Amino acid sequence: MLEKISQLIEEISNLNAKSLEGVEALRIKYLSKKGHISLLFNDFRNVPNEQKKVIGQKLNELKNLASEKINSLKETLAVADDTETDIDLTRSAATSHLGTRHPLSLVRQEIIDIFARLGFTVAEGPEIEDDWHVFSSLNFADDHPARDMQDTFFIQRSPDILLRTHTSSVQSRVMEVTKPPIRIICPGRVYRNEAISYRAHCFFHQIEALYVDENVSFADLKQTLLYFAQEMFGPETKIRLRPSYFPFTEPSAEMDISCNLCGGKGCNFCKHTGWVEILGCGMVDPNVLESCGIDSSKYTGFALGMGVERITNLKYRVKDLRMFSENDVRFLDEFKSVH
């Protein structure tokens, strides 16, 4: 028995565990009623009387060693476990709130996704532009009255450097360096010198689309517009085109959609007409193609442009344009569940 006790002393001295569950298993193995040490105590009755004192001392030493070892392992693992689950003192004491994407970003991405399904790719350009790409290349003559349609911010009092008033400048840049077919969508921020109010701002966001290829017709434009309107506002949406004027398209039109509040029956939102204007469009003027180095006798194209704020107003009923740029967290929190 002394030999067996010595073996257990050596074995217990080298015990180790990786978890509290492992420590409990060791306790059961050595100290439970059917454990190794308890079985030795049961056999103690068979020990000769002359050996009982020595063996009894060894058994008590073994039991104390096992208890101390298992308690030590338990305490070590408990401390480690508390350290892992303790509060991270490097974190801020303030509660962290989940953010959300801006409503303009949500609508901008949705528009891009719709046109991507039609094969349009995203093209971007500088916000600080020159007169050629913003006006001259798009059929705005120096004394053209259409220049008065847009109040422009000029840089350092220069007549040639300005903040772009529309993202059509991206279209002219792409046409200068790209051979048709061209199928692009141009999202971006634009600037106009306007008084800030609930319905106007000195900066806003546009998305314009351009398609140039052989045999592009107004029918292609109309089908694209119908697809966009029904994808954006629902399959029951109807469109209508009204003649209009833009220097860079001919013929030109403005597109209305059936009011998505009253279903075209008439309400305060659509001023009881049943229709709401959302964008301008038209066939690219041959002069624009030629000024960008594209043969207008071979290629035709269409262009369209819309204000992202306008689409967002229609989609989410935001009545005050200023709310988009005021960074009011209460306003932004309303869009947490949108995407």
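Visitor: In this predicted model, what covers the buried residues of α10, and which residues of α10 are buried?

Guide: The cover of the buried residues of α10 includes the helices α5 (103-116) and α8 (218-233). Strands β5, β7 (249-258), β8 (275-284) and β9 (300-307) are also among the covering elements. Helix α10 itself spans residues 308-316, and its buried residues are V308, E309, I311, T312, N313 and L314.

Visitor: Which element gives the most to the largest nonpolar core?

Guide: The largest nonpolar core has 44 residues, of which I111, F115, F228, I257, I278, L304 and M306 touch the most other members. At least two residues of this core come from each of α5, β5, α8, β7, β8, β9, α10 and α11 (329-333). With seven residues, the element that gives the most to this core is α5.

Visitor: Leaving aside neighbours within four places in sequence, which residues are in contact with F228?

Guide: F228 is one of the residues that touch the most other members of the largest nonpolar core. Once its neighbours within four places in sequence are set aside, the contacts of F228 are I111, I114, F115, I278, L279 and M306.

Visitor: Which element gives the most to the lining of the largest cavity?

Guide: The largest cavity holds about 50 Å³ of space, and its lining has seven nonpolar, three polar and one charged residues. Among the lining residues are S168, Q171, M175, E208 and L210. Both α7 (168-177) and β5 (203-213) supply at least two residues of this lining. The element that gives the most, with three residues, is α7.

Note on methods. Residues are numbered from 1 along each chain as its sequence is written. This is a predicted model: local features need pLDDT of at least 70, side-chain atom pairs count only at pLDDT 80 or more; totals for chains, interfaces and linings use all residues. Side-chain values use heavy atoms; hydrogens and water are left out. On a 1 Å grid over the protein atoms alone, a cavity is a set of points where a 1.4 Å probe fits but cannot get out, and a pocket is an open set with protein on both sides within 12 Å along at least five of seven lines; lining residues have an atom within 4 Å of a point. Grid points are joined across faces, edges and corners, and a volume is the space filled by probe spheres set on the points. Helices (H or I, at least four residues) and strands (E, at least two) are DSSP runs, numbered from the N terminus. Ala, Val, Leu, Ile, Met, Phe, Trp, Tyr, Cys and Pro count as nonpolar, Asp, Glu, Lys and Arg as charged, and the others, Gly among them, as polar. Buried means under 20% relative accessible area, exposed over 50%, partly exposed in between (1.4 Å probe, protein chains only). Contact means heavy atoms within 4.5 Å. A nonpolar core is a set of buried Ala, Val, Leu, Ile, Met, Phe, Trp, Tyr and Cys residues joined through side-chain atoms within 4.5 Å.
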